[in-house]
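Have the sequence and the 3D view ready as you read.

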Amino acid sequence: MNRSPDFRSYFSPLVLGWFFSRFGEPTPPQSRGWPLIASGRNTLILAPTGSGKTLAAFLWIIDELIRLAEERGKDIFEANPQGVHTLYVSPLKALNYDIERNLWVPLRGIRQEAERRHVVFPKLRVMVRTGDTPPHI
């Protein structure tokens, strides 16, 4: 699938560097979903398991957080005065942990890309809560 010229404008060079070194090209759900997500529209991506739809959403969020850290400054960003940025609600408890594991793959990869480029990467927090998570956590 050919990338549109606008595709690269959706993401920072850091995220693009990791994505293309890892995957080469976006999947159809990604290439069709990103323009809608970039436009600010609510977007539902319906595609088979393993087609990249979760990464389509999470990659956009990770990139947005990186850009916010650059705009606000790493220290202010990491102090997190705005609170939670993204809340992902899963219909199944077991899916929470799959999502968490799958989220760490791009986070680690983009962090490594930042190290290769000598770019400071902000601390991004990921937490999982379920109905049996104690309230104090």
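In this predicted model, helices α1 and α5 are roughly perpendicular to each other, because angles from 65 to 115 degrees count as such. Their packing angle is about 115 degrees, and their axes lie 9 Å apart. On the chain, α1 covers residues 13-22 and α5 covers residues 93-117. If you look at how they cross, the crossing is right-handed.

Which residues bring α1 and α5 into contact? From α1 come P13, L14, V15, G17, W18 and R22, while α5 contributes V105, P106, G109, I110, E113, A114 and R117. Sorted by class, the residues of this contact are 8 nonpolar, 2 polar and 3 charged.

Helix α1 also meets α3. The axes of these two helices come within 9 Å and cross at roughly 145 degrees. Here α1 uses L14, V15, W18 and F19, and α3 answers with L55, L59, D63 and I66. This contact of α1 with α3 has 7 nonpolar residues, no polar ones and 1 charged residue.

| Pocket | Volume | Lining | Nearest the centre |
|---|---|---|---|
| Largest pocket | about 1,000 Å³ | 30 residues | V84, T86, R125, V126 and M127 |
| Second largest pocket | about 560 Å³ | 23 residues | G52, K53, T54, L55 and N102 |

Which helix gives the largest share of the lining of the largest pocket? That is α3, with 6 residues. Helix α3 spans residues 53-72, and both α3 and α5 supply at least two residues of this lining. By class, the lining of the largest pocket divides into 18 nonpolar, 7 polar and 5 charged residues.

For the second largest pocket, the largest share of the lining comes from α5, with 7 residues. Helices α1, α3 and α5 each supply at least two residues there. The lining of the second largest pocket has 11 nonpolar, 8 polar and 4 charged residues.

Key:
Residues are numbered from 1 along each chain as its sequence is written. This is a predicted model: local features need pLDDT of at least 70, side-chain atom pairs count only at pLDDT 80 or more; totals for chains, interfaces and linings use all residues. Side-chain values use heavy atoms; hydrogens and water are left out. Axes are lines fitted to C-alpha atoms, for helices over the stretch in contact, and angles run from 0 to 180 degrees between N-to-C directions. Helices (H or I, at least four residues) and strands (E, at least two) are DSSP runs, numbered from the N terminus. Angles under 35 degrees count as roughly parallel, over 145 as roughly antiparallel, 65 to 115 as roughly perpendicular and the rest as oblique. A crossing is left-handed if the near helix is turned anticlockwise from the far one by less than a right angle, and right-handed if clockwise. Contact means heavy atoms within 4.5 Å. Ala, Val, Leu, Ile, Met, Phe, Trp, Tyr, Cys and Pro count as nonpolar, Asp, Glu, Lys and Arg as charged, and the others, Gly among them, as polar. On a 1 Å grid over the protein atoms alone, a cavity is a set of points where a 1.4 Å probe fits but cannot get out, and a pocket is an open set with protein on both sides within 12 Å along at least five of seven lines; lining residues have an atom within 4 Å of a point. Grid points are joined across faces, edges and corners, and a volume is the space filled by probe spheres set on the points.
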